[in-house]
Amino acid sequence: MYRILDKRGTGKTSRLLLLAKEQGAWVACSSPRAMESKAHAYGIVGVNFISYWDFYEGNYPEGTKVLVDELEVYVSAISKGSLVGYALSTDD
């Protein structure tokens, strides 16, 4: 699994979009239209975008690879705000 972890303003989104292009993956995000505009501003075309909800509901073609922008925002959204924390192992 790919993980892009870094501080704000360090190019995480552009790296995610380039990875999506390279892998032929879709990007699940809070605002697909805004993310598509951002991708085009970076000169990245040919990436498909879906909302968090559509990703959660499985509204994308079977076998599609998906990358999630801002995983914590996604999990918070699908848990309807009830998630207050989690543990995560950082080793491979």
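Q: What stands opposite V27 in strand 2?
A: F49 stands opposite V27 there. Strands here are DSSP runs of E, at least two residues, and helices are runs of H or I, at least four, numbered from the N terminus. This is a predicted model, where local features need pLDDT of at least 70, side-chain atom pairs count only at pLDDT 80 or more, and totals for chains, interfaces and linings use all residues. Residues are numbered from 1 along each chain as its sequence is written, and side-chain values use heavy atoms, without hydrogens and water.

Q: How many bridges join strand 1 to strand 2?
A: Three, and the two strands run parallel. Pairing takes at least two DSSP bridges.

Q: And how many to strand 3?
A: Three bridges join strand 1 to strand 3, also in parallel. W26 has V66 as its bridge partner in strand 3.

Q: Are the faces of strand 1 covered or open?
A: Both faces are covered. W26 and A28 are buried on one side, V27 and C29 on the other. Buried means under 20% relative accessible area, exposed over 50%, partly exposed in between (1.4 Å probe, protein chains only).

Q: Switching to helix 1. Which residues are buried there?
A: K12, T13, S14, L16, L17, L19 and A20 are buried in helix 1.

Q: What comes after helix 1?
A: G24 follows helix 1, and the phi of G24 is positive, near 70°.

Q: Where does Y86 lie?
A: Y86 is in the segment after helix 4, which covers residues 71-78.

Q: Why does Y86 count as exposed?
A: Because the relative accessibility of Y86 is 52%.
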